[in-house]
Amino acid sequence: MLHSSPSADGRNLAFLTRDLSKVYGEGPAAVHALRGVDLEIPEGELVVLLGPSGSGKSTLLNILGGIDRATSGQAFFLKEELTAMNDRQLTAYRRRHVGFVFQFYNLMPSLTAHENVDLVAEIAPSPMDAIDALDMVGLKNRATHFPSELSGGEQQRVAIARAIAKNPTVLFCDEPTGALDSQTGVSVLKALQDVNTRLGTTTLIITHAAATAAMADRVIHFADGQIREVIVNDHKASPEDISW
Ligand SMILES: Nc1ncnc2c1ncn2[C@@H]1O[C@H](COP(=O)(O)OP(=O)(O)OP(=O)(O)O)[C@@H](O)[C@H]1O
Ligand SMILES: [Mg+2]
């Protein structure tokens, strides 16, 4: 039995995977999305995951986030084995610990920013105040606006506020700037970095904007369902200095 253990510098690991594999479909149509991933992510880090389209990034994020299941291998969150959990346990894990931010913000159009954030905070065990969450992403003054009255970058920041209002232990972001121009994307990255430094939320960001790697603690290069390279940044750039 494997246990999540302290990493080299003594911090606990938020995630540990061993030989994690995912196969979609069967026989000649089988797609090997993950091919034996060994990953270690220390608690509190901001991690950027880069790699070509189809290389398995979203598959990995969805398994770590408890919305998909591995075919073989192990994945741990702290000391809990995600790969041994049943559906009910995975749902509890997601509800208690996980915040998601996707490329398309998925806000409810008929609800204000405040109400959109409240909606998710309501079902969480120890939520943050919705206005405080909006304040963290710089949108306290837009609380009464509807999504149609907000720019793309502002809508994505509301989606981030919604994800952090439940006080998640980990925040998973799948191409959070994918629909935004560089300048607007930077305001979203700034919000993610603030959350990471102020709340200590372990944050995993998938992106095609390779320049984002400069603001990460750790950069994971993915290709063909495997980790190709892991780079630990000694000096992190500020999001304001990033463009793509
Ligand atoms: N539900 C599914 N059923 C079958 N194949 C799938 C499914 N989800 C993903 N795949 C396949 O698994 C592989 C990895 O997909 P994944 O979505 O993880 O890639 P990705 O790195 O996130 O790509 P992108 O950058 O385009 O989002 C791809 O070949 C994809 O077609
Ligand atoms: Mg993807």
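A residue counts as buried if 20 or more other C-beta atoms lie within 10 Å of its own, as exposed if 12 or fewer do, and as partly exposed in between. The exercises below apply to a predicted model.

**Exercise 1.** Decide whether Gly152 is buried, exposed or partly exposed, and state which residues it is in contact with beyond its neighbours within four places in sequence.

*Solution.* Begin with the location: Gly152 is found in helix H5. Next, take the count of C-beta neighbours inside 10 Å, which is 16 for Gly152, and because this value falls between the cut-offs of 12 and 20, the residue counts as partly exposed. Then turn to the contacts, leaving aside the neighbours within four places in sequence: Gly152 is in contact with Ala179, Leu180 and Thr184. For one of these, Ala179, which lies 27 residues apart from Gly152 along the chain, the C-alpha atoms of the two residues are separated by 7.9 Å.

**Exercise 2.** Describe helix H5 by its span, and work out how many of its residues are buried and what covers them.

*Solution.* Helix H5 runs over residues 152–164, and its 13 residues reach 18 Å from the first C-alpha to the last, close to the 18 Å expected at 1.5 Å a residue. Counting burial next, 11 of the 13 residues are buried, and the helix is therefore mostly covered. The buried residues include Glu154, Arg157, Val158, Ile160 and Ile164. Finally, what covers the buried residues of H5 includes strands E6 (98–102) and E7 (170–174), together with helices H3 (113–121), H4 (130–136) and H6 (182–199).

**Exercise 3.** Identify which element gives the most residues to the shell around ligand 1, and sort that shell by class.

*Solution.* First list the surroundings: ligand 1 is surrounded by Tyr24, Gly25, Val31, Ala33, Gly51, Ser53, Gly54, Ser55, Gly56, Lys57, Ser58 and Thr59. Strand E2 (31–42) and helix H1 (57–64) are the elements that give two or more residues to this shell, and H1 gives the most, with three residues. Sorted by class, the shell has three nonpolar, eight polar and one charged residues.

**Exercise 4.** Determine how the radius of gyration of the chain compares with the value for a compact globule.

*Solution.* A compact globule of 244 residues would have a radius of gyration near 18 Å, and because the chain has 18 Å, the two agree. The C-alpha trace spans about 50 × 45 × 40 Å along its principal axes, and the chain holds six helices and 10 strands. Among contacts with a separation of 6 or more, 70% are accounted for by residues 24 or more positions apart, while 41% of the 244 residues count as buried.

Terms used
Residues numbered from 1 in each chain as written. Chains lettered and ligands numbered in written order. Predicted model: local features only at pLDDT ≥ 70, side-chain atom pairs only at ≥ 80, totals over all residues. Helix = DSSP H or I, 4+ residues; strand = E, 2+ residues; numbered from the N terminus. Expected span 1.5 Å × (residues − 1). Contact = placed C-beta atoms within 7 Å. Near = placed C-beta within 6 Å. Nonpolar A, V, L, I, M, F, W, Y, C, P; charged D, E, K, R; others polar. Rg over C-alpha atoms; globule rule 2.2 N^0.38 Å.
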